[in-house]
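Here is a short briefing for someone meeting this structure for the first time. Please look through the sequence and the model, then read the points below.

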Amino acid sequence: MLQDALLTGVAAGTCIDKEELGETTMQTICEVEEFLGPTHLQAQILRSDDGRPVRPIINGRQRKWTGKYFCLKAGAQSMPWESRKCELPLLKLAEASSAVVALLAQPHCLRMTLEGKRFDYYPDLELTVLPSFLKAYHDGASFCRALVGWAPATAAEMRYAKVIVEAKDDSDRRMADPEYLLKLDLAKQAYRNLGFHMVTVMRSTDLDPLDFADLHSVLRFRLARFTAVDEIGAVSLLRDAAHVSLLDVCDALGGWRRGRAKAYALHCRRLISIDLATSLSAFTRVRPMPREISLS
């Protein structure tokens with residue numbers, strides 16, 4: 001029975017065949033999570049040696065949109081995507097959200113064995129988030145609304161949680177495949193035992209209602225240059241206030257036009273947090289962020 005399945009321990013350092021997992025950089029089992037229990041379900045997490053995505057998506061055999069997107073939160077490297085309507089918007093949302101500390105697309109292979117049958121599951125995205133975001137999500141906010149509507153908490157609350165994201169288009173035919181649905185059910189149980197949170201994001205309910213215009217405006221300037229003086233000025237302005245306006249921050253950074261690019265770059269570096277839950281304007285709230293979770 002699926003509800004009775006638990007994880008069993010597996011040995012670390014086991015070698016695997018590169019061809020066995022297809023087009024991948026994975027050479028050995030670099031990280032294995034161990035749990036003891038009945039032998040109904042065995043599960044192990046296989047990661048690449050260099051911490052990169054385990055399954056590069058782009059190849060000449062696919063007849064669909066694929067690509068890569070540069071992410072600061074992925075260690076300043078490009079992340080693969082194979083759905084421009086689901087995975088690419090999710091990457092952009094995670095890159096812009098102050099709730100997300102780090103991200104990795106195609107982060108690992110979750111290898112599961114149930115009564116002698118093997119299931120390999122490759123999640124779309126692994127997010128390292130602040131748990132106050134999970135509280136908003138579990139309180140009823142949609143996954144993506146919880147990301148854009150997140151507000152910084154106190155430094156004492158800055159612990160990290162791992163979230164596995166499965167992005168789904170409503171037209172995905174696999175959602176009618178019993179074996180695929182079984183694999184998703186097994187994956188949810190395995191991740192729960194491993195201490196991860198697994199979330200399915202649907203395009204129609206989570207992504208389509210969002211206006212990505214403001215996200216694109218912010219992300220456009222995420223690599224804009226700012227100086228240590230700019231950083232100190234913005235952080236000092238927010239030090240004794242719960243929030244200030246975006247206009248005030250921009251004025252401190254050289255004026256509305258020039259300062260906005262710096263403010264957006266500071267936001268993407270997690271040095272300040274611009275409220276993305278409402279449309280960007282001069283009156284948009286900007287909040288302080290604890291220095292220990294910045295990307296700089």
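Ala 76 is partly exposed, at 43% relative accessibility (buried means under 20% relative accessible area, exposed over 50%, and partly exposed in between, with a 1.4 Å probe and protein chains only). Ala 76 sits in the loop between strand 2 (67-71) and strand 3. The model is a predicted one: local features need pLDDT of at least 70, side-chain atom pairs count only at pLDDT 80 or more, and totals for chains, interfaces and linings use all residues. Residues are numbered from 1 along each chain as its sequence is written, and side-chain values use heavy atoms, with hydrogens and water left out.

- Ala 76 is not a glycine, yet its phi is positive, at about 55 degrees.
- Most residues other than glycine have a negative phi.
- Arg 270 also has a positive phi, near 65 degrees, and is a residue other than glycine.
- Arg 270 lies in the loop between helix 9 and strand 11. Helices (H or I, at least four residues) and strands (E, at least two) are DSSP runs, numbered from the N terminus.
- Arg 270 is buried, with a relative accessible area of 1%.

- Gln 77 belongs to strand 3 (residues 77-81).
- Gln 77 is buried, at 15% relative accessible area.
- Leaving aside neighbours within four places in sequence, Gln 77 is in contact (heavy atoms within 4.5 Å) with Gly 51, Arg 52, Tyr 69, Phe 70, Cys 71 and Leu 104.
- Leu 104 is 27 residues from Gln 77 along the chain, and their C-alpha atoms are separated by 9.5 Å.

**Helix 7**

- Helix 7 covers residues 228-239, which makes 12 residues.
- From first C-alpha to last, helix 7 reaches 16 Å, close to the 16 Å expected at 1.5 Å a residue. The expected span is 1.5 Å times one less than the number of residues.
- The buried residues of helix 7 are Asp 230, Glu 231, Ala 234 and Leu 238.
- Seen down the helix axis, these buried residues fall within an arc of 100 degrees, so they line one face of helix 7. The arc is that of the directions from the helix axis to the C-beta atoms.
- On the face turned away from the buried side, helix 7 carries the exposed residues Ala 228, Val 229, Ile 232 and Arg 239.
- The cover over the buried residues of helix 7 includes strand 10 (244-245), helix 8 (246-252), helix 9 (256-268), strand 11 (272-274) and strand 12 (285-288).

**Nonpolar cores**

- The largest nonpolar core has 62 residues. Such a core is a set of buried Ala, Val, Leu, Ile, Met, Phe, Trp, Tyr and Cys residues joined through side-chain atoms within 4.5 Å.
- Helix 1 (residues 87-96) gives the most to this core, with 6 residues.
- Apart from this core lies another, of 18 residues, among them Leu 114, Ala 187, Phe 196 and Met 198.
- Leu 127 and Phe 143 have the most contacts inside the largest core.
- Beyond its neighbours within four places in sequence, Phe 143 is in contact with residues including Leu 90, Leu 127, Phe 133, Tyr 137 and Asp 206.

**Salt bridges**

- The count comes to 15 salt bridges, each a side-chain nitrogen of Lys or Arg within 4 Å of a carboxyl oxygen of Asp or Glu.
- Asp 139 pairs with Lys 135, and their closest N and O atoms are 2.9 Å apart.
- Asp 139 is exposed, at 56% relative accessible area. Lys 135 is exposed as well, at 54%.
- Asp 172 and Arg 174 form a salt bridge at 2.9 Å, N to O.
- Asp 172 is buried, at 18% relative accessibility, whereas Arg 174 is partly exposed, at 41%.
- A network of salt bridges links Glu 166, Lys 168, Asp 172 and Arg 174.
- Asp 208 and Arg 203 form a salt bridge at 3.4 Å, N to O.
- Asp 208 is partly exposed, at 47% relative accessibility. Arg 203 is also partly exposed, at 21%.

**Cysteines**

- A search of the whole structure finds 0 disulfides, a disulfide being a pair of cysteine sulfur atoms within 2.5 Å.
- Cys 109 is buried, at 0% relative accessible area. Cys 250 is buried too, at 0%.
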